[in-house]
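Keep the structure open beside you as you read.

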Amino acid sequence: MSSRFSVKHFRMIYNRSANTHVPRTVTTMALAAGVLKIVAPQPGAIYPIHLLLAIVVLTITTTIYLALCRKTVYLVDYACFRPSFNLRCPKATFLEHAHLSSLLDDSTVNFIGTVLKRSEMSDETYVPPVLHYIEPYCGLYDARAEAESIVFSVTDDLLAKTCINRDAIGVLITTSSIFCPIPSIADMIVNRYKLRGDLCVMNLSGMACSASMTAVGLASNMLQVMPWGSHALIVSTETTGPGHYQGNTRSMQLPNILFRIGGVAKLLSTSRSKARFQLAHVTRIITAANNSAYRCAYQEEDEKGILGTRLTKDLMVVAGDALKDNLTASGPLVLPTAELLKFFFFDIVGKVLYWRKIRPYIPNFCVAFEHICIHVGGPAVISSIQRGLNLSDKHVEPSRMTLYRFGNQSAASVWYELAYIDAKGLMKKGDRVWMIGFGAGYECNTATWVCIQPSSCADGPWVDCINCYPVDISRKG
């Protein structure tokens, strides 16, 4: 057997083994030893041997570096769902349907009217077709039709924007908390777009408004063990029809009043080509070990056996505690050194002078981010985070305007906020974006993005109305 043939043989073995789950470092070192043993130094062949040794050492060094270094993940682009105008549901219509319903008593109708008045939502929000009936009933066919209308629309838009070959998609993750049909929503997408058969598919449910951030973290981890340049498609929506509550328990009526139709599709990749954002950090905090946190957003039946989702009075306290835990974990990753030193200094002084009850120092997160997208759980959630983090009105403008224009769209809401920033032309290269999501469990998930390339097109959910924003919500109420 010739030396040239042996080298080619070992190269083929290396390529095959490196693409499997065998550790790259062990594979490279073993094959390098085999090559050196076959191609032994002979008189008159010193220079080729030295060249081969240099190539082997470089290969080993590169392989070790790639094995130990985490791949950078990028957001190629995203697309938000744009509901048709016939799905618009003014607050007066919503309240009138409640009045005409034979299932709701007067106190419940009055409660709905009060919450609508304080919701800071406009008359331009949208609900699915089934909720336009006075006595809504959402069967399996209606729920599937609602889900398909959203996920197919956003996926079509995203594929058109990115011009990606469908066979390049190696990971598909879908999120929908309440509606989990058989086959799954992920299978709907695979069937519609004829995606490849070895696709890695994940279908997340029950995570509510934090699911989008969870999916980003999961996709990032999956891309680490896939070949460089792989793509992950994430589709998030919340079908509000199946979750509509028709009883008189006030805490279970809140999701009916606040949640609206929406969805988003995102394409992640380890290739920087055509990417718009770089993923810097994802931090996930789950507090389900605490009973109060676990049950603060809980799907159950009321005393009459009517299914719905209950939001307890502990929700705001639980959300605040979860956010504090998240900031403790993510703060050292995103805050400048000066802010960290101030925080540690006040923390030490507070422990030494414990009898003085010194207030803890709240880091200035405005110096770490140019844009902040807060989950639009409601005006109280946005105001609470604004006060707690000392944010300016400009920082919370995307959140308030998204709540006003589209309502609470669950996991997709932070992406409508990002679309608002893009539509306003506020995103610049190098800008840092902080997304904050809350969800059942109870969870607080955050993601940090760095802008690589601002949006080059004016298309999106705000395209036909961005010139009217921001609006003065205090006067609109």
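In this predicted model, helices α13 and α14 (residues 393-406) pack at an angle of about 170°, with their axes 10 Å apart. Axes here are lines fitted to C-alpha atoms, for helices over the stretch in contact, and angles run from 0 to 180 degrees between N-to-C directions. The two helices are therefore roughly antiparallel to each other, a label for angles over 145 degrees. Helices (H or I, at least four residues) and strands (E, at least two) are DSSP runs, numbered from the N terminus.

**Where α13 meets α14**
- On the α13 side, P379, I382, S383 and Q386 meet D393, V396, S399, R400 and L403 of α14; a contact means heavy atoms within 4.5 Å.
- The residues of this contact divide into 4 nonpolar, 3 polar and 2 charged.
- For these classes, Ala, Val, Leu, Ile, Met, Phe, Trp, Tyr, Cys and Pro count as nonpolar, Asp, Glu, Lys and Arg as charged, and the others, Gly among them, as polar.

**Q386, a residue of α13**
- Q386 sits in α13, which covers residues 379-389.
- Is Q386 buried or exposed? Q386 counts as buried because its relative accessibility is 12%, and buried means under 20% relative accessible area (1.4 Å probe, protein chains only).
- Leaving out residues up to four places away in sequence, Q386 touches L391, S392, D393, V396 and R400.

**The largest pocket**
- Rolling a probe the size of a water molecule over the atoms shows where empty space is left.
- On a 1 Å grid over the protein atoms alone, a cavity is a set of points where a 1.4 Å probe fits but cannot get out, and a pocket is an open set with protein on both sides within 12 Å along at least five of seven lines; lining residues have an atom within 4 Å of a point.
- The largest pocket has a volume of about 1,300 Å³, where volume is the space filled by probe spheres set on the grid points, which are joined across faces, edges and corners.
- This pocket is lined by 47 residues, and L254, P255, F259, L311 and L315 are the closest to its centre.
- Elements that each supply at least two lining residues include α13, α5 (106-118), α11 (315-334) and β10 (432-439).
- Which element gives the largest share of this lining? That is α9, with 6 residues.
- By class, the pocket lining has 23 nonpolar, 20 polar and 4 charged residues.

**The largest cavity**
- The largest cavity has a volume of about 250 Å³.
- Its lining has 21 residues, with F94, H97, A98, P136 and H244 nearest the centre.
- Two or more lining residues come from each of α4 (91-100) and α9, and α4 gives the most, with 4 residues.
- The cavity lining divides into 12 nonpolar, 8 polar and 1 charged.

**N256, a residue of α9**
- N256 lies in α9 and is buried, with a relative accessible area of 8%.
- N256 touches F94, G243, H244 and Y245, not counting residues up to four places away in sequence.

**The whole protein**
- There are 16 helices and 11 strands.
- Buried residues make up 51% of the 477 residues.

**How to read the values**
- Residues are numbered from 1 along each chain as its sequence is written, and side-chain values use heavy atoms, with hydrogens and water left out.
- As the model is predicted, local features need pLDDT of at least 70 and side-chain atom pairs count only at pLDDT 80 or more, while totals for chains, interfaces and linings use all residues.

Terms used
Buried < 20%, exposed > 50% of the residue type's maximum accessible area, 1.4 Å probe, protein only. Parallel < 35°, antiparallel > 145°, perpendicular 65-115°, else oblique.
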